[in-house]
Amino acid sequence: MTRYSGIWPVAPTPFHDDGSLDPEGMKRVLDCLIDQGADGICVLANFSEQFLLSDAEREVLTRLAVEHVGGRVPLIVTISHFATRIAVERARFAKALGADIVMMMPPYHGALLKGTPEQTFDQFRAVGEVGIPIMVQDAPLSGVELSVPLLVRMAREIEEVRLFKIECPQAANKIRALIAEGGEAIEGPFDGEEGITLLADLDAGATGSMTSGMIVDRIKPVIEKHRAGDVAGATEAYGRVAMAINHENRQCGWRSTKAAMVEGGVIRSEYCRHPIAPLHPAIRARLIDLLRPLDPLVLRWGK
C-alpha cells in the first residue's frame, strides 16, 4: 500500500454564532473525523474557509490542530499564498509545530495576478527547501493552469513535491496522464471536489481522496473496495452516497459539513462568515434527508 492513500478529509472551521472562532468545537471536529475513519486530515483549506481567517487565527488553528490530533493521523496544513515569502513562512511554521504535510495552490491573487509556469515552479521549489512534503492542489479556484508536464517536472526536480490533489474538470484524464508520465515520482495522486468524480478517478489510479468531512465513514468503503480489486463493490458503495455528494458539491459547498455536524451535535453553530450566506432552509433540509438513510456517524456522534 502506498504511504499516501485513503480518505483525507478537510476539516471545517467552526465559529460561534457571533463569528468568533470556536476552539473547543474545532477539537470536536477533529475527533469526529478521526472516529469516522479518516486516514489523514487537512486544515485551513478552502473548505475550511481559509480566505475568511486572519493570519493570527491561522496560527491558532494550526497549533490547535497539530497538538490535538497528536499524531493519531497525518495532518496536512494548507499554506497557499500569492507571496512566495509568506508561503515559505507558513511552511516553516507548520513544520516547526509538527505538521506532516503542507498543501498549496499555485500563486494567484484574483483574476489578473496568476503565476506563470516558471513562477509557480519557483514558489514550490522555495517551499520545498523547508523540508516538508508538499501536496500540490490543482483547483479551478486559482485559475492557474497546471499542465501535466509542469506537474511532472515539479515531482521530479523538487524532492518534497510528492502528493497531488487533482480537482480540475475531467480530473480522471489528468490523473491518468500524470501517473503515466510521472511514474514513481507521483507518490500520492488524490482527487478532491468532495469525491464527485471518485469512481473515475480511482479507475485512473488515484490512491486517495480529499473529501469534505461530512460522510467520511460512508465514502471510505468505496476507496477500500476499489483498492482491493472489488470494483463492483466500490461502484455499489459509491451509488449509495452519490446523491448526497452531488447535493453537497452542487448546492452546499463547505456549509454541508457544518450543517451535518450541527445536526449530529458535533458543533453548536453552522455560522459562516460574511459574505457567505447561510444555506437556504430547503437546501439544508434536502441535505439532511439525503444523509439520514446513510446513517453516517456525523449525525449521531455528539448525541
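Let's start with the sheet: 8 strands make up an open sheet, with parallel pairing, in the order β1-β10-β9-β8-β7-β4-β3-β2. Strands here are DSSP runs of E of at least two residues, helices are runs of H or I of at least four, and both are numbered from the N terminus. Two strands pair if DSSP finds at least two bridges between them. This is a predicted model, where local features need pLDDT of at least 70 and side-chain atom pairs count only at pLDDT 80 or more, while totals for chains, interfaces and linings use all residues. Residues are numbered from 1 along each chain as its sequence is written, and side-chain values use heavy atoms, with hydrogens and water left out.

Now have a look at β8, residues 161–166, which runs parallel to β9, residues 188–191, and is joined to it by 4 bridges. Leu163, for instance, has Gly188 in β9 as its bridge partner. Lying across β7 (134–138), β8 and β9 is helix α6, residues 171–182, and it runs at about 160° to β8. Such angles go from 0 to 180 degrees between N-to-C directions, with axes fitted as lines to C-alpha atoms, for helices over the stretch in contact. Contact itself means heavy atoms within 4.5 Å.

Next, a residue in a loop. Thr13 sits between β1 (6–7) and α1 (23–35). Is Thr13 buried or exposed? It counts as buried, because its relative accessibility is 2%; the cut-offs are under 20% relative accessible area for buried and over 50% for exposed, with partly exposed in between, using a 1.4 Å probe and protein chains only. Leaving aside neighbours within four places in sequence, Thr13 touches Leu21, Met26, Ser48, Glu49, Leu53, Leu61 and Lys258. With Ser48, a polar atom of the Thr13 side chain lies 2.8 Å from the backbone oxygen.

On to the cysteines. How many disulfides are there, if we ask for a pair of cysteine sulfur atoms within 2.5 Å? The count is 0. For Cys168, the nearest cysteine sulfur belongs to Cys42, 18 Å away. For Cys252, it is that of Cys272, at 11 Å. Cys168 is buried because its relative accessibility is 14%, and Cys252 is buried at 4%.

Last stop: Pro221, in helix α8, residues 216–227. With 24% relative accessibility, Pro221 counts as partly exposed.

Conventions
A polar contact is a pair of N or O atoms within 3.5 Å; within protein, one must be able to donate a hydrogen and the other to accept it, and residues adjacent in sequence count only if both atoms are side-chain atoms. A disulfide is a pair of cysteine sulfur atoms within 2.5 Å.
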